[in-house]
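My entries follow, in the order I looked things up.

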Amino acid sequence: MSSTTFTAEAGQNILLVARASAGAHSLDALQQLRDELVKQVGSGGKVDFEQVDRIDEGAAALASAYYDRIIASPVWPHVVEHNNRVLGKLLLALKPSGLLEIHELIVDGSEAPELSPVTRTRDELLQQLKFAGFVDAQIAGAEVVSEPALKALAADYWRLGDVAQFAANACERIFEAVSVAKKPAYNVGAAAALKFGKRSKNSTSDSDGKADSAKKAWLINVESDDEAEIEDQDDLLEEEDFAKPDAASLARPDGIKPKRKACKNCTCGLADGLEPDESLACKPKEKVKKPTRPVDLVNVKSACGNCSLGDAFRCSSCPYLGMPAFKPGEKVTLGGSMLHDDFMP
């Protein structure tokens with residue numbers, strides 16, 4: 001069991017995180033540490049305390065970006081394993097570039113001892129800090145936990161059955177590590193405006209020279225030797241290329257039939273890309289027009305029975321649309337004034 005001395009600067013806001021129970025931490029040691037830090041920060045600073053279980057459960061409301069330094073599990077025994085939820089909330093409570101100091105038990109690089117509650121290795125602890133958002137994570141110090149201290153932990157805190165066997169297996173394999181990490185130099189969710197202003201015309205000669213050279217790098221140098229060797233396209237044309245074709249040269253040669261298109265139901269093979277067989281020449285079928293039946297105005301037979309009632313009762317395809325109402329069997333005639341124009345000169 002090591003004794004660590006903590007120092008703080010004047011005006012700092014410090015947060016102590018621990019499990020404040022008689023079976024896990026010494027309340028007297030925590031109170032003594034808090035009193036010492038209060039004297040060091042002075043009236044311009046502040047030292048707060050919060051239980052790690054309340055932070056994990058979300059019952060503790062920590063101020064955002066308020067603390068300059070957070071010390072987790074500062075006094076023995078360091079039996080708390082800080083998970084990702086706790087580390088994430090501690091990250092939000094720190095100011096930009098704030099310092100986090102964690103005291104935790106770890107095992108060596110090999111497999112953890114049998115029945116050991118401590119299973120996290122050095123690399124896993126650093127990886128957990130990086131995943132939570134911290135930077136510059138490192139192990140500041142590590143000290144082997146003595147065999148008597150392991151027996152006390154197994155009997156008083158972990159309540160293991162065979163204390164002696166566990167202490168013999170875990171001897172020189174469990175360490176008390178001090179890891180430190182920093183919060184990035186910006187708050188979570190911080191935003192900054194990007195300036196894309198145009199360059200002023202009154203710029204320096206050096207900047208103009210660089211801009212001109214960068215611009216000219218993508219232009220074709222028309223004064224180069226390669227450009228002078230390019231031939232004129234009009235010089236490549238002959239006199240016969242400028243002559244316009246006449247109708248005789250565009251006419252179809254004798255003996256060549258025009259290309260036919262395959263009909264819809266082709267049977268001669270033209271649709272399949274074969275040479276058409278003239279004997280099987282297929283001709284498109286002519287549509288047979290149905291003869292129109294004249295309207296019989298004398299022997300009127302209505303299918304719906306409404307033809308004689310007038311336009312209000314007739315179908316949309318009724319042949320008697322526009323005619324006046326009549327009695328079945330009666331010849332429809334236009335009589336009276338309907339044969340005369342409405343306009344009288």
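**Overview**

I counted 9 helices and 6 strands in the protein chain. Helices (H or I, at least four residues) and strands (E, at least two) are DSSP runs, numbered from the N terminus. This is a predicted model, in which local features need pLDDT of at least 70 and side-chain atom pairs count only at pLDDT 80 or more, while totals for chains, interfaces and linings use all residues. Residues are numbered from 1 along each chain as its sequence is written, and side-chain values use heavy atoms, with hydrogens and water left out.

I looked up burial next. Of the 345 residues of the protein chain, 27% count as buried. Buried means under 20% relative accessible area, exposed over 50%, and partly exposed in between, with a 1.4 Å probe and protein chains only. The accessible surface of the chain is about 25000 Å², and carbon and sulfur atoms hold 52% of that. These areas come from the Shrake-Rupley method with a 1.4 Å probe; for residues, only the protein chains shown count as cover.

I also checked contacts (heavy atoms within 4.5 Å). Among those with a separation of 6 or more, 70% join residues 24 or more positions apart.

**Strand 6 and its partners**

I turned to strand 6, residues 174–182. Of its 9 residues, 8 are buried. Which strands pair with strand 6? Two strands pair if DSSP finds at least two bridges between them. Strand 4 (residues 94–107) pairs with strand 6 in the antiparallel sense, over 9 bridges. There I found E101 bridged to V180 of strand 6. Strand 5 (residues 135–144) also runs antiparallel to strand 6, with 7 bridges joining them. V135 has K182 of strand 6 as its bridge partner.

**Helix 5**

I listed the buried residues of helix 5 (residues 147–157): A149, L150, L153 and A154. Seen down the helix axis, they fall within an arc of 135°, so they line one face of helix 5. The arc is that of the directions from the helix axis to the C-beta atoms. What covers these buried residues? I noted strand 4, helix 6 (163–170) and strand 6 among the cover. R159 follows helix 5, and its phi is positive, near 55°.

**N13**

I ended at N13, which lies in strand 1 (residues 13–18). Is N13 buried or exposed? N13 is buried, with a relative accessible area of 10%. Leaving out residues up to four places away in sequence, N13 touches G45, K46, Y66, Y67, D68, R69 and K95.
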